[in-house]
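Here is a walk through the ring pairs and the nonpolar core of one model. Keep the structure open as you read.

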Amino acid sequence: MSNTSRSATLGLLAVIALATTASAAGKKEFRYTVTRGATISVVNDYGSVRLRASVVNQVLVSATPGSSKVEVDAAQNGNRVAVRTRFLQKTGESDGRVEYDLQVPADANVMIRTASGPVQVQGVGGDVSVDVDTGQVEVRDGNGHVRVRTVAGPITLSNLNGGFVEATSVGGSVMLNHVVGRVVSVSTTGGAIAYSGDFGGGGQYSLTTHSGNIDVSLSPSASVDVTARTVAGTVENDFPLQAPVHPIMALNQGKSFAGTSNAGASAVRLRTFSGRIRVKKQ
């Protein structure tokens, strides 16, 4: 390597080192001790929020602001911890970003609100509420009530068991993998819906989209009572369903179908206006 190339390389490494140091210097960390059933709220306009359960009764907050134009307010009041991004001056998404990484007790109740950043919640057994405009939302490995709302962001729910689940979006798609509960309600205006699993053993499931498709991949052991209907789209069913003796709705070839499998323990309602509905066996 020539002296000129070596100097350029050393100069680049120095710049990278300074940038890393500056970024680390802006990182904020907070730690709070809480008791069972604590409530954790996070409000962040721009940037990601990653939250996962831990085995300790503490809330650990790591926040990395994108610039000196924003700061992080974090406070504890009783058994409630509130974290919020605060703008010190008017700024855009790049300088206004704050990246959050939190660890909370497994039985905590969580509320998250962001405008554009992605949100990940993992392993939380308390109630989870997430409101996002355009970011992607992923909630997995929980057994409490889960409510997710987005304007355009896609929603992925995985391994949720036993609680009430509600997912709504205007334009985002919704994907559910092994989600079971007493009441599961999914509604999107323009997005698609995909469900993979067995619908549990006794819940009420409603999957509704105006113009998107609905794809259901069912386990052979699923105990379901299915009704499916589209107005302007089509329906396809490759799952062995027993036709009802007394249908609760008029059935039209290619537009609707109904039937049960095994004991028909879970009621499954599939509706779309102009999309396609397809049910198949895993």
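Rings of Phe, Tyr and Trp (its six-membered ring) pair if their centres lie within 6.5 Å; planes under 30 degrees apart count as stacked, over 60 as edge-to-face and the rest as tilted. By that rule, ring pairs link Y195, F199 and Y205 into a cluster.

The model is predicted: local features need pLDDT of at least 70, side-chain atom pairs count only at pLDDT 80 or more, and totals for chains, interfaces and linings use all residues. Residues are numbered from 1 along each chain as its sequence is written, and side-chain values use heavy atoms, with hydrogens and water left out.

The structure holds four aromatic pairs. Y46 and F87 form one of them, an edge-to-face pair with 6.2 Å centre to centre and 85 degrees between the planes. Y46 sits in the loop between β2 (39-44) and β3 (49-54), and F87 in strand β6 (residues 80-87), so the pair ties together parts 41 residues apart in sequence. Strands (E, at least two residues) are DSSP runs, numbered from the N terminus. Y46 is partly exposed at 23% relative accessibility. F87 is partly exposed at 30%. Here buried means under 20% relative accessible area, exposed over 50%, and partly exposed in between (1.4 Å probe, protein chains only).

Now the core. A nonpolar core is a set of buried Ala, Val, Leu, Ile, Met, Phe, Trp, Tyr and Cys residues joined through side-chain atoms within 4.5 Å. The largest one has 61 residues, and Y100, L157 and L270 have the most contacts inside it.

Methods: Helix = DSSP H or I, 4+ residues; strand = E, 2+ residues; numbered from the N terminus.
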